[in-house]
Structures are given as C-alpha cells and as structure tokens.
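Colleague: Could you take me through this model, residue by residue where it matters?

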Amino acid sequence: MIADSIRLIESELHGKATLIAVTKTKPVELLLEAYEAGCRQFGENKVQEMADKQPQLPTDVQWHLIGHLQTNKVKYIASFVAMIHSIDSLKLLQEVNKQAAKHNRVIDCLLQIYIADEETKFGLSADEAEALLQAPELNELPNVRIVGLMGLATNTDDESKIRGEFRGLKLLYDKLSQIQRPMIRFHELSMGMSGDYRIAVEEGSTLVRVGSAIFGSRN
Ligand SMILES: *Cc1c(COP(=O)(O)O)cnc(C)c1O
C-alpha cells in the first residue's frame, strides 16, 4: 500500500532527508492517495505531465521538476513550480529567471551534476558548475536562487560505485557552497532514488526522489 511504503521510507530517512514522491506516469488518484498519506512533495520529469496534474491536487503541494528541462517549456510551470532540479546551463537559468519574474516569484533551482558512468545522463561537470556559479551574468537574475546540487548515480548493483559517486557529489557540494553570492544559498543536495536512497542519505542527501518504491514499477 502507498501509505505503508511512504511510512517505511520516511522511517529510513531518520529525519535527515525529505522524501519527494516521484509520480511520473502515475494517475492522479494515486497522487491523491500519497497526499492523504501526508506527502506534500511531488516530483515529475515532464513539464506537460506536471502542468496537467498540478490543478488536480491541493494547492499546498510542492512540485519538483526533476527531468531534463527545455528552455521553451519553462513558461508552462513557472507560475507554480517549487524547485527545478535539472539546471544544466546559464541559458536555462536565464529563462527560468525571465518566466519567474512574470509571476513575481523567485524559483529555487539546483544544478544537475553529471556523476554517473553513463552516456545518457544530463548534467554539468564539476568545472562547468563552478564556472556557472561564478558567472557575472548571475547578478542579473533576481528571480532565481541556486539552492544546491542534484545528481543521478550509475544504474548498477555495485553499491561501492554508487556510494563513491554520491560521496564525490557531496564533496563538490561542500566546495561550491563556499562561494558567497546573494543568489547562491546552498542547503539542498538532491540524490537517491528507489534503489539507492539509503546509501544517498548516508552520504549526505537532503532530498530523495523516490518513485517505484512507493507506487510500484512503471511500465
Ligand atoms: C524517475 C526518476 C526518479 C525516481 O526513480 P525510481 O527508481 O522509480 O525511484 C528519480 N529521479 C529522476 C530524475 C527520475 O527521472
């Protein structure tokens, strides 16, 4: 049952990390079930799906965009999205700022860092992330706040490999959080999914993004 799974996962987070229920491909009835069980943080990886579901859930839900985001789609979520986990360019950040300004909002953003040993995953390298955080152009973006980093570990059964990737991301997080600028306020490290959230929390995650362990596998 959804409520039991949420309670079990919450108990394993030991209050160190916040659970984001990843609801991609799942019908609104199941989201409402998670909401009834106390969940207020929901993650979707597609703009269209999130924009369709948002009006059907209570207004105190916090929506997290966790998938790749194209600049031309930011406008569909800018009025309500709580956090964007997948910032991978200055251009995207500039568009988020522009759309957030239209709604008089400041949108919390995470830089997605490439940590996996796989070709297909999006994200910035450590050097690219540092360059972005030092970019003079950030001074012109009053409607975004960069609050931390996000990463996806390699999809593998090798726990030590996953742990090493998360540990590296935490080290980068600690390093980059030293940068002092008004629009940078690091306090979130988004790492861990159904298969690896326990390891992620041990390595310093503050946000775990869990789908199938709550809702069952996706087809
Ligand atoms: C789908 C997805 C998740 C959740 O995956 P599960 O293995 O079902 O927990 C987490 N993060 C991102 C970026 C995703 O796309």
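The questions below go through a predicted model.

Colleague: Which residue does UniProt list for "modified residue: N6-(pyridoxal phosphate)lysine"?
Modeller: The listing comes from an unreviewed UniProt entry. The residue it gives is found in the loop between strand E1 (18-22) and helix H2 (28-36). The entry lists Lys-24.

Colleague: What share of the ligand's accessible area does the protein cover?
Modeller: A polar side-chain atom of Arg-209 lies 2.9 Å from a nitrogen atom of the ligand, while polar backbone atoms of Gly-211 and Ser-212 each lie 2.8 Å from an oxygen atom of the ligand. On its own the ligand has 390 Å² of accessible area, and the protein covers 89%.

Colleague: Where on helix H5 do its buried residues lie?
Modeller: Helix H5 spans residues 126-134, and its Ala-129, Leu-132 and Leu-133 are buried. Seen down the axis of H5, the buried residues fall within an arc of 95 degrees, so they line one face of the helix.

Colleague: Is Gln-99 buried or exposed?
Modeller: Gln-99 lies in helix H4, and its side chain is joined to that of Glu-95 by a polar contact of 2.8 Å. Leaving aside neighbours within four places in sequence, Gln-99 is in contact with Val-74, Lys-75 and Ala-78. Its relative accessibility is 6%, and buried means under 20%, so Gln-99 counts as buried.

Colleague: Which side chain does a polar contact of 2.8 Å join to that of Gln-41?
Modeller: Gln-41 is found in strand E2 (residues 41-44). Leaving aside neighbours within four places in sequence, Gln-41 is in contact with Thr-18, Leu-19, Ile-20, Ala-21, Gln-62 and His-64. The side chain joined to Gln-41 by the polar contact of 2.8 Å is that of His-64.

Colleague: What separates the C-alpha atoms of Gln-180 and Gln-134?
Modeller: Gln-180 lies in the loop between H6 and E7 and is exposed, with a relative accessible area of 75%. Gln-180 and Gln-134 are 46 residues apart along the chain. Their C-alpha atoms are separated by 9.5 Å.

Colleague: What is the phi of His-14?
Modeller: His-14 lies in the loop between helix H1 (2-13) and E1. His-14 is exposed, with a relative accessible area of 59%. Although His-14 is not a glycine, its phi is positive, at about 50 degrees.

Colleague: Is Asn-104 buried or exposed?
Modeller: Asn-104 lies in the loop between H4 and E5. Phi of Asn-104 is near 55 degrees, a positive value in a residue other than glycine. The relative accessible area of Asn-104 is 73%, and over 50% means exposed, so Asn-104 is exposed.

Technical notes:
Residues are numbered from 1 along each chain as its sequence is written. This is a predicted model: local features need pLDDT of at least 70, side-chain atom pairs count only at pLDDT 80 or more; totals for chains, interfaces and linings use all residues. Side-chain values use heavy atoms; hydrogens and water are left out. UniProt positions are given in the numbering used here, feature names are shortened, and annotations may be inferred rather than shown by experiment. Helices (H or I, at least four residues) and strands (E, at least two) are DSSP runs, numbered from the N terminus. Buried means under 20% relative accessible area, exposed over 50%, partly exposed in between (1.4 Å probe, protein chains only). The arc is that of the directions from the helix axis to the C-beta atoms. A polar contact is a pair of N or O atoms within 3.5 Å; within protein, one must be able to donate a hydrogen and the other to accept it, and residues adjacent in sequence count only if both atoms are side-chain atoms. Accessible areas come from the Shrake-Rupley method with a 1.4 Å probe; for residues, only the protein chains shown count as cover. Contact means heavy atoms within 4.5 Å.
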